[in-house]
Amino acid sequence: MIESCGPGVKNPTGKIIVSWELLGTVSVNVESRIVDRGSDDHVDAAWELKERIRERDGVLRQRHGFFSDAYRRSRVYLYVDGSRNRLIGFAAVRSDGYILFLAVDEEYRGHGFGKRLIARVSEDYGSVTCHARATNQAAISFYEHLGFERRREIDNYYEDGGDAYYLKLGDASIREKLSNLLRG
């Protein structure tokens, strides 16, 4: 739980830095960054985070080459713990608003970073969509809680034969609620 969040301050490099107290014990300087298409800034940290999640949860099972290529073709929204120079989470998004990857470090889960990543994406894109593994109930619940709707189920979507749901963020009122997360 985030106990307090100071106002965002834009530093001379254009990064937004926010000081948060997590669980009332640790102060974290969170930097909000965007990696533009064509760049591989933070790709190694994103790969390592994705791999930790894959090992723990059995999801996000992409090959390194596929992941790196998709990352470079995407606009990537990141949160970085500036005090530890550690990637908190990221969302890699295609030019049409399709979220290729969304990941939040386990240590930072439950503090609203996933919601804030989705909110940042929804501010920049008219339509926000993604796929979620049909067996990944935690991800499906997360997306549906934010206002995503299941549009269809796709059999054998994943390379390992796993099924997926195609999800789309609902109406503008949901987008407005998400955007308010960024403001307040």
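Contact here means heavy atoms within 4.5 Å, and that cut-off will be handy throughout this briefing. The model is a predicted one, in which local features need pLDDT of at least 70, side-chain atom pairs count only at pLDDT 80 or more, and totals for chains, interfaces and linings use all residues. Residues are numbered from 1 along each chain as its sequence is written, and side-chain values use heavy atoms, with hydrogens and water left out. Welcome to a protein chain with five helices and ten strands; helices (H or I, at least four residues) and strands (E, at least two) are DSSP runs, numbered from the N terminus.

**The chain as a whole**

- Of its 184 residues, 45% count as buried, where buried means under 20% relative accessible area, exposed means over 50%, and partly exposed lies in between (1.4 Å probe, protein chains only).
- The chain exposes about 9500 Å², and carbon and sulfur atoms supply 46% of that area; accessible areas come from the Shrake-Rupley method with a 1.4 Å probe, and for residues only the protein chains shown count as cover.
- If you take the contacts between residues at least 6 apart in sequence, 54% of them join residues at least 24 apart.

**Nonpolar cores**

- A nonpolar core is a set of buried Ala, Val, Leu, Ile, Met, Phe, Trp, Tyr and Cys residues joined through side-chain atoms within 4.5 Å.
- In soluble globular proteins, nonpolar side chains tend to be buried together.
- The largest such core holds 27 residues, and Ile99, Val121, Tyr143 and Phe148 have the most contacts inside it.
- Elements that each supply at least two residues of this core include strands S4 (26–35), S5 (75–81) and S6 (86–93), as well as helices H3 (113–124) and H4 (137–145).
- H3 gives the most to this core, with four residues.
- Not counting residues up to four places away in sequence, Tyr143 touches Leu102, Ile118, Cys130, Ala132, Phe148 and Leu167.
- There is also a second, separate core of 17 residues, with Ala70, Val76, Leu78 and Phe101 among them.

- Helix H1 covers residues 43–57, and its 15 residues should span 21 Å at 1.5 Å a residue, which agrees with the 21 Å between its end C-alpha atoms; the expected span is 1.5 Å times one less than the number of residues.
- The buried residues of H1 are Val43, Ala46, Trp47, Leu49, Lys50, Glu51 and Ile53.
- Those buried residues pack against helix H2 (64–72), S6 and S7.
- H3 has twelve residues and reaches 17 Å from its first C-alpha to its last, close to the 16 Å expected.
- Nine of the twelve residues of H3 are buried, so this helix is largely enclosed by the rest of the structure.
- Among the buried residues of H3 are Phe113, Leu117, Ile118 and Val121, and also Arg116 and Arg120.

**Salt bridges**

- A search of the whole structure finds 18 salt bridges, each being a side-chain nitrogen of Lys or Arg within 4 Å of a carboxyl oxygen of Asp or Glu.
- Asp105 forms one with Arg52, and their closest N and O atoms are 2.9 Å apart.
- Asp105 lies in the loop between S7 and H3 and Arg52 in helix H1, so the pair ties together parts that are 53 residues apart in sequence.
- Asp105 is buried at 3% relative accessible area, whereas Arg52 is partly exposed at 39%.
- Arg133 pairs with Asp160 in a salt bridge whose closest N and O atoms are 3.3 Å apart.
- This pair links distant parts of the chain, with Arg133 in strand S8 and Asp160 in the loop between strand S9 (148–154) and S10, 27 residues apart.
- Arg133 counts as buried at 10% relative accessibility, while Asp160 is partly exposed at 41%.
- Arg150 forms a salt bridge with Glu144, the closest N and O atoms being 2.6 Å apart.
- Arg150 is partly exposed at 39%, and Glu144 is partly exposed at 32%.

- Asp81 sits in strand S5.
- Asp81 is buried yet has no salt bridge, and the nearest side chain of opposite charge, Arg84, is 4.2 Å away; Lys and Arg count as positive and Asp and Glu as negative, while His and the chain ends are not counted.
- Leaving aside neighbours within four places in sequence, Asp81 is in contact with Val28, Asn29, Arg86, Ile88 and Tyr108.
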